[in-house]
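Please read it beside the sequence and the structure shown here.

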Amino acid sequence: MTFARLSAVLTLALGAVQSANAAITKSVRCASGHVTANAACCALFPVVDLLQSSLFDGAECGEEAHSALRLSFHDAIGFSIHGGKGGGADGSILVFNATELKFHANGGIDDITAGQFPVFQQSGLTPGDFVHLAAAVGTANCPGAPRLEFMFGRPPPKAPAPDLTVPEPTDSVTKILERFADAGFAPPEIVALLSSHTIAAADVVDVTIPGTPFDSTVGTFDTQVFLEVLLKGKSFPGNGSQPGEVLSPLRGEMRLQSDFELSQDPRTACLWQAMVNDQTRMQTQFKAAMAKLQVLGQDVKRMVDCSDVVPVPATFKGPIKFPATFSQRDVQQACPELRFPTLQTVAGPAPTIPPVPGS
Ligand code: HEM
């Protein structure tokens, strides 16, 4: 099917969603047996099953789940509250991939767009609904994650986002804060969104070591990344120093320059440190910031709240710990006014963090 024809079909489907939005408010039982707040959401349960079986290897918190979350950010952030940029959370990165994947900041995104495209074509959803549902479902596969919201009813994207909307790890803190502010996000929301780097790895910062994680617990949505970015660096995980990375505390781990600088800058250091070992704070703030990100540029009044189709993530209670051999004396604390949490240290020798499989 051509993209124009697909768009026409999707626009019709969207009309049905929008009239359902006005008409239905009480909970319904779908033919599949699922219960949801709105009959329009019944169409999504088979898509959730399809995502889990065809994309996420049977509901795993693996490479595809991580990349689906990254894709939702790179799609949505192509937007400005002042106008003149892209359509926001509209799925343009998926269908205008020939344009958007050429942007330097979208390095490594090609694997997930290639993986998602055939599943998207089977789903019957618009590109925007598909990209942002996939992110919510993939994230839910990670223990400790909040259950993200999902709003249903994005129209098809009109055009690719322009280049230079996605922050780069080589950007200064000022440049990062300015770009996010242009998209409508304040510093606490930026730090909250960076909770995502707890289930993240780099493929292209250093191409010699694909799948190099940002923390030692890359399969768990915990606050470990906020701790490990604060630990003194000792070595580079791969082929020496690459643009966008700084010395890492653990072997096999990558510390992004942007994460490190945000953890040290007076505008964000206390926000960063406050996340360490505060699972509830991280979950609450990440969920709220993602809810905003995933409808950027969209007319929310014309959408249906289908959050109850998103699977309930397994819990992670914590507490987190210092990696083996590390302790408080290794912390590069940049927010002295906030007491640093008391944490135990994992027993044993200093670990080497393995790469994420399938990267
Ligand atoms: C200052 C802003 C940000 C910068 C500079 C940044 C930078 C990066 C870089 C360089 C990578 C590794 C790419 C590679 O080498 O493959 C990455 C991975 C990732 N990022 Fe970000 N990021 C930012 C914000 C975000 C946000 C807001 C989200 C989501 C809400 C996000 C989610 C992810 C995820 C999940 C991955 C891992 C993907 C995978 O493992 O396949 N990032 N990020």
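The protein is divided into domain 1 (41-165 + 292-309) and domain 2 (173-279 + 318-330), with bounds that come from an automatic or database domain assignment. This is a predicted model, in which local features need pLDDT of at least 70 and side-chain atom pairs count only at pLDDT 80 or more, whereas totals for chains, interfaces and linings use all residues. Residues are numbered from 1 along each chain as its sequence is written.

**Domains and their contact**

The C-alpha centres of the two domains, domain 1 and domain 2, are 23 Å apart. Across the boundary, 17 residues of domain 1 are in contact with 16 residues of domain 2, where two residues are in contact if their C-beta atoms, placed from the backbone, lie within 7 Å. On the side of domain 1 that touches domain 2, the largest share, three residues, comes from helix α3 (residues 63-76); helices (H or I, at least four residues) and strands (E, at least two) are DSSP runs, numbered from the N terminus. That side of domain 1 is made up of 10 nonpolar residues, six polar and one charged, given that Ala, Val, Leu, Ile, Met, Phe, Trp, Tyr, Cys and Pro count as nonpolar, Asp, Glu, Lys and Arg as charged, and the others, Gly among them, as polar.

**The ligand shell**

Around the ligand there are 25 residues, of which the closest are His66, Gly108, Ser196, Ala200 and Ala202; a residue is counted here if its C-beta atom, placed from the backbone, lies within 6 Å of the molecule. Because domain 1 (41-165 + 292-309) and domain 2 (173-279 + 318-330) both give residues to this shell, the ligand lies between them. The shell divides into 14 nonpolar, seven polar and four charged residues, and its largest share, six residues, comes from α3. Both α3 and β4 (201-202) supply at least two residues of the shell.

Helix α3 has 14 residues and reaches 20 Å from its first C-alpha to its last, close to the 20 Å expected at 1.5 Å a residue, the expected span being 1.5 Å times one less than the number of residues. Of the 14 residues of α3, 13 are buried, a residue being buried if 20 or more other C-beta atoms lie within 10 Å of its own, exposed if 12 or fewer, and partly exposed in between.

**Annotated positions**

An unreviewed UniProt entry places the feature "binding site" at Thr198, Asp215, Thr217 and Asp222. These positions span 25 residues in sequence, yet no two of their C-alpha atoms are more than 9.8 Å apart, so they gather at one spot. Such annotations may be inferred rather than shown by experiment.

Threonine 217 is in the loop between β5 (212-213) and α10 (224-228), and aspartate 222 is found in the loop between β5 and α10. Leaving aside neighbours within four places in sequence, threonine 217 is in contact with Asp222 and Gln224, while the residues touched by aspartate 222 include Thr198, Thr217 and Gly144.

**A residue after β8**

Leucine 343 lies in the segment after β8 (304-305). Apart from neighbours within four places in sequence, leucine 343 is in contact with Asn277, Pro319, Ile320, Lys321 and Phe322.

| Residue | C-beta atoms within 10 Å | Class |
|---|---|---|
| Threonine 217 | 21 other C-beta atoms within 10 Å | buried |
| Aspartate 222 | 26 other C-beta atoms within 10 Å | buried |
| Leucine 343 | 18 C-beta neighbours inside 10 Å | partly exposed |
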